[in-house]
Amino acid sequence: MIIIGEKINGAVPKSGKAIKGHDSDYIKEIAIAQANALDEDNDYLDCCVGTDDPEVETLEWLMGIIQENTDMRIAIDSPSPEHCVEAMKFANKPGIINSVSMQSGKIETVFPVIGKPENEEWGCIALLSDDKGSPAEADGRIELLRQILEQADKYGIAHDRLYIDPLVETLGTSPESLLTFAECCRKIKELDPALHITSGLSNISFGLPVRKVINFAFMALAMEAGMDSCIIDPLARDLRGVIYATDALLGEDEYCGEYLGAYRDNIFGPVKEA
């Protein structure tokens, strides 16, 4: 499971306050805490301004703090594809652009840049939506994926650099949300097993009580359907335990070695005193 740590994001209340106040100490603290829970060779830290700050300037500041204090790769996160591309120059090593879709202007801005030979190690999250939104049915979303792949091929972007987000709807208003998401996952892997599949968890449980229970169930079922990446709080110990347990149950962890190692490393389970 490739994890994208979600906490340096202006939409997260504490982080939003720190970004707006340019509180370097808090950003440093949360960057280090996430990095200590992740694998620098496999995982990423999301970096999203999400406030009314000048975005590119603030991305440079945030990315600087992350890179001064950790060796993590960065997922540059902005609704503006132009700002994502401009912020690439602040990265010490290749990361991920978050995100593109078939919405007008996004792929046209990002793919020509990450398609350049010097950027061949950059990844990109691609949302299965367009100017009309995300289709209600899985087949409609897969048709958008085919269009995205045509553009990736046009610019020489290998499919294993793409992280496809099928877009999960809120369970409280869309009872088929998980089933549609899982169908998309399976069709994506059938289309090309090299494609990664990613998602956040918060939308599935919006408006429901004890949201983490819904999130945990969604994580396990989505992994079974083929999701191999997630945008989560890596400090959520119970959720990390669910990920390791699901990998083991799916036969992806021989003799539960990763599960046992993560437990010994204090990633999940009761907090061990240092």
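Visitor: How do the axes of H6 and H7 cross?
Guide: This is a predicted model. In it, the axes of H6 and H7 come within 9 Å. They cross at roughly 35 degrees.

Visitor: Why give an angle and a distance?
Guide: Two packed helices are described by the angle between their axes and the distance between the axes.

Visitor: Left-handed or right-handed crossing?
Guide: Right-handed, as H6 passes H7.

Visitor: Which residues meet there?
Guide: From H6, they include Ala138, Ile142, Leu145 and Leu149. From H7, they include Thr180, Cys184, Ile188 and Leu191.

Visitor: How many are nonpolar, polar or charged?
Guide: The contact of H6 with H7 has seven nonpolar residues, one polar and five charged.

Visitor: Which residues of H7 are buried?
Guide: Ser177, Leu178, Thr180, Phe181, Ala182, Cys184, Cys185 and Ile188.

Visitor: New topic. How many salt bridges are there?
Guide: The count comes to seven. One of them joins the side chains of Asp139 and Lys187, at 3.4 Å from N to O. Asp139 is in helix H6 and Lys187 in helix H7, 48 residues apart, so this pair links distant parts of the chain.

Visitor: Is Asp139 buried or exposed?
Guide: Asp139 counts as exposed, because its relative accessibility is 53% and the cut-off for exposed is over 50%. Lys187 has 26%, so Lys187 counts as partly exposed.

Visitor: What does Arg186 pair with?
Guide: Arg186 forms a salt bridge with Glu224. Their closest N and O atoms are 2.7 Å apart. Glu224 sits in helix H8 and Arg186 in helix H7, 38 residues apart.

Visitor: How accessible are Glu224 and Arg186?
Guide: Glu224 has 44% relative accessibility and counts as partly exposed. Arg186 is also partly exposed, at 39%.

Visitor: Which residue meets Lys189?
Guide: Asp228 does, in a salt bridge of 3.6 Å, N to O. Lys189 lies in helix H7 and Asp228 in the loop between H8 and strand S8 (229-232), so the pair ties together parts that are 39 residues apart in sequence.

Visitor: Is Lys189 buried or partly exposed?
Guide: Partly exposed, because its relative accessibility is 21% and buried means under 20%.

Technical notes. Residues are numbered from 1 along each chain as its sequence is written. This is a predicted model: local features need pLDDT of at least 70, side-chain atom pairs count only at pLDDT 80 or more; totals for chains, interfaces and linings use all residues. Side-chain values use heavy atoms; hydrogens and water are left out. Buried means under 20% relative accessible area, exposed over 50%, partly exposed in between (1.4 Å probe, protein chains only). Helices (H or I, at least four residues) and strands (E, at least two) are DSSP runs, numbered from the N terminus. A salt bridge is a side-chain nitrogen of Lys or Arg within 4 Å of a carboxyl oxygen of Asp or Glu. Axes are lines fitted to C-alpha atoms, for helices over the stretch in contact, and angles run from 0 to 180 degrees between N-to-C directions. A crossing is left-handed if the near helix is turned anticlockwise from the far one by less than a right angle, and right-handed if clockwise. Contact means heavy atoms within 4.5 Å. Ala, Val, Leu, Ile, Met, Phe, Trp, Tyr, Cys and Pro count as nonpolar, Asp, Glu, Lys and Arg as charged, and the others, Gly among them, as polar.
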